[in-house]
Amino acid sequence: MALTGMQIYKNLPKTNCKECGFPTCMAFAMQVAAKQKALTDCPHLSEEGEAALAEASAPPMKLVKIGTDDKKFEFGQETVMFRHEEKFHRPAGIAVRIPSSLSNDEAEAMVDKINRSVFERVGNKLRVAFCAVEIEGCEDPAGRARLAADKSDIPLILIGGSPGAMKEAVDSIKTEKPLVYKGNASNIEAFAEIASGAKLPLAVEGKDLEELSELSLKAKQKGVEEIVLSFDGKNIGETIRFLTIARRAALKKRFGAFGYPAMVEIDSDSPESETVFASIFAAKYAGIVLINGLDPWEVLPIMTTVQDIFTDPQVPNTVEAKLYEIGSPGENSPVLFTTNFSLTYFSVAGEVERSKIPAYISVVDTEGLGVLNAYAGDKISAEKVVKTLQEQKASEKVKHRKLIIPGLLPIFRAEIEDTSEWKEVIIGPETAMKIPAFLSNTWK
Amino acid sequence: MEIPDVKERWTAQINEVTIGATKEQGGTRAKTVTVGGQTTLPCLTFEGEIPHKPVIAGYVADMVPGWPDVLKNAIGKEINSPVEWAQKSVEEYGVDLINLKMIGADPAEKDTSASDCAKVVEDVLKAVDVPLIVWGCGDEEKDNLVLPECSQAAVGENVLIGSAKEGNYKTISAICKADKQKIISEAPVDINIGKQVNILLQDDGFDLKNVVMFQTTAALGYGFDYVYTILERARIAGLKGDKLMATPQICDVGGEVWRIKEAIADEDVLPGWGRLEKRGPMWEATCAGVYLQAGADILVMAHPEAINKIQTTIDRLY
């Protein structure tokens with residue numbers, strides 16, 4: 001966060017010694033605020049002053065890194081409560097629990113399954129973010145942690161409550177930089193020591209917000225630098241309230257004890273509810289959701305929620321402007337065109353797919369605007385459509401010369417017919433939803 | 001340690017809208033359903049009141065929608081009759097209202113006549129005692145014929161009628177004023193048009209206290225983020241005193257989700273994506289659950305398992 005000249009001035013020696021080259025400390029402070037000078041150019045800056053300024057200029061929510069360079073997860077440094085105010089910066093991650101009740105072979109098989117849970121959706125790779133290894137209750141906590149660390153392609157969370165088991169597990173895999181989960185009122189001293197000794201991030205959980213803030217502060221005082229605020233999710237309404245208050249306190253009031261990202265351990269009576277609750281918390285405001293389920297139908301809705309909610313609302317979502325083949329179209333298949341606004345394209349493509357009539361869709365570059373907005377903003381014209389079709393060599397793909405155009409642009413028909421080889425322009429429906437009925441009625 | 005006070009001071013209340021009418025009120029419903037009335041964002045009861053929980057309206061149509069078998073089979077043979085479908089939704093699924101959609105009236109479908117549509121409304125009103133939401137087919141010209149007759153068939157029942165758009169609001173506003181029905185105002189994923197439709201209704205003399213906004217609904221993964229943010233921005237504007245945005249909001253989750261790949265394609269099309277019979281209802285439930293956080297007051301839902309999971313979610317949230 002950028003500091004004002006006044007905030008900087010307050011922490012300077014205020015002696016106007018001029019050694020920095022400026023007549024007054026205030027003048028120097030203004031230069032620092034304008035980023036023309038560095039704070040270190042003041043020869044008499046006190047340690048306290050420097051620390052206070054570092055604190056004040058730090059982001060209100062700290063960035064927490066879990067894992068190593070090649071297997072890492074970073075979250076925190078969020079800046080807003082609502083995505084339309086700017087954007088949500090770092091997509092939430094799913095952590096899947098590996099229960100201590102599993103044998104080593106079963107645990108290994110589960111890690112393997114987590115590694116293979118990778119999905120591709122609209123051009124993005126989606127996967128589980130963490131193996132959350134329960135070490136409490138394992139005969140050999142260090143061995144179980146080691147096993148997961150060796151086999152996992154993603155970072156780890158170590159789940160335990162007693163300091164003895166946690167210490168063993170941490171000692172065996174601390175170079176993997178797992179998240180220590182979790183410190184609470186009964187073990188905070190020991191857990192904070194384990195985490196700070198090994199320079200690991202620590203999750204802390206309180207019975208209410210007051211206790212949570214005290215535990216967070218205690219962990220910090222013990223030298224833990226990276227903290228995760230953890231919530232149990234038993235009362236989901238209450239948990240939403242706690243997450244909201246903690247985030248507001250950090251972002252709006254710079255309340256240090258809550259200046260960290262959050263996570264929720266999902267508590268549900270069915271795997272179906274687990275998915276719904278985890279998706280809700282991923283949208284508001286948990287950076288990690290800890291779940292038990294690993295089947296695709298359990299994790300995919302959560303991953304898609306994250307994919308959607310963490311999209312940058314300031315950047316129009318576009319697809320590449322090219323000729324798309326839906327199904328396996330042939331020389332008699334219909335040709336349609338639409339815009340490169342991804343919402344428009346995916347709606348049209350989805351409905352064409354639903355019609356079960358293979359087709360070509362020519363995507364025209366409208367700089368991410370939908371049909372009407374593109375027309376209003378002069379980003380699409382009959383001329384541009386004709387040129388795009390030529391560039392994409394659409395006419396080489398089919399024998400006919402029929403072109404289906406969006407129902408919202410009937411005005412393009414005459415010009416396209418007059419200026420191109422597409423001699424039969426058919427006006428399509430105004431909404432994508434009606435494409436299946438339209439195609440089955442008109443395309444015989 | 002003392003936690004800083006971070007309460008927002010919202011200055012306005014979302015309109016309270018009641019749907020349905022009991023015998024005493026001139027209708028035949030066993031109970032009415034009220035939505036809205038909140039003075040804070042979803043769940044945030046530490047800084048305002050939430051007098052009414054979100055509700056679920058069971059999707060029922062006058063013909064079998066072009067849905068995948070997983071959904072049709074889950075509903076069963078009752079899907080073939082709007083009356084039986086509505087009864088099953090109320091008795092077995094426990095929905096709060098029935099959302100009746102005249103998709104068969106679409107000229108591209110069966111082009112059902114307005115009087116046949118009105119008959120369906122009459123029959124469903126007789127078969128169930130929960131309040132009703134009645135939609136046309138979406139074709140403005142046809143809806144201008146269908147909706148007046150449907151409204152006539154439900155005079156006194158205080159039904160919620162959908163939808164009034166920029167192009168047809170006058171007809172809808174006139175019939176709803178005459179028959180004392182409520183209106184759904186609709187905009188195509190555009191918050192400014194949403195506000196504009198409400199202005200048009202208000203200028204036409206229709207009281208916005210009788211309006212529920214429909215921002216159009218996107219399925220999870222298909223523009224969901226746009227609609228989520230529009231719902232959230234509209235709700236914040238309403239709470240900050242923008243009277244044009246202070247209406248409850250409806251999401252047609254069931255109507256949208258079951259047309260996208262993730263809810264209709266099984267593992268033969270999407271290898272490794274898991275069984276459709278689980279994935280489909282979870283897509284619907286998740287979509288509905290997350291919309292609740294953005295400010296949805298009425299969720300239109302279709303799959304019995306998805307309905308059940310969202311009932312659980314609402315109970316645990318409030």
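This is a predicted model: local features need pLDDT of at least 70, side-chain atom pairs count only at pLDDT 80 or more; totals for chains, interfaces and linings use all residues.
Trainee: What makes a residue of chain A count as buried, and what percentage of the 444 residues are buried?

Mentor: A buried residue has 20 or more other C-beta atoms within 10 Å of its own. In chain A, 47% of the 444 residues are buried.

Trainee: What makes a set of residues a nonpolar core, and how many residues has the largest one?

Mentor: The members must be buried nonpolar residues joined through C-beta atoms within 7 Å. The largest core has 234 residues, and A:L158, B:I98 and B:Y291 are among those with the most contacts inside it. Its largest share, nine residues, comes from α10(B). Domain 2 (63-309) and domain 3 (323-442) of chain A each give this core at least three residues.

Trainee: Which residues does A:L158 touch?

Mentor: Leaving out residues up to four places away in sequence, they include A:V133, A:I135, A:M166 and A:V180.

Trainee: How do you know that chains A and B touch?

Mentor: Contact needs C-beta atoms within 7 Å, and 41 residues of chain B are in contact with 49 residues of chain A. On the chain B side, α10(B) gives the largest share, nine residues. By class, that side has 21 nonpolar, ten polar and ten charged residues.

How values were computed: Residues are numbered from 1 along each chain as its sequence is written. Chains are lettered from A and ligands numbered from 1 in the order in which they are written. Two residues are in contact if their C-beta atoms, placed from the backbone, lie within 7 Å. Helices (H or I, at least four residues) and strands (E, at least two) are DSSP runs, numbered from the N terminus. Ala, Val, Leu, Ile, Met, Phe, Trp, Tyr, Cys and Pro count as nonpolar, Asp, Glu, Lys and Arg as charged, and the others, Gly among them, as polar. A residue is buried if 20 or more other C-beta atoms lie within 10 Å of its own, exposed if 12 or fewer, and partly exposed in between; C-beta atoms are placed from the backbone. Domain bounds come from an automatic or database domain assignment.
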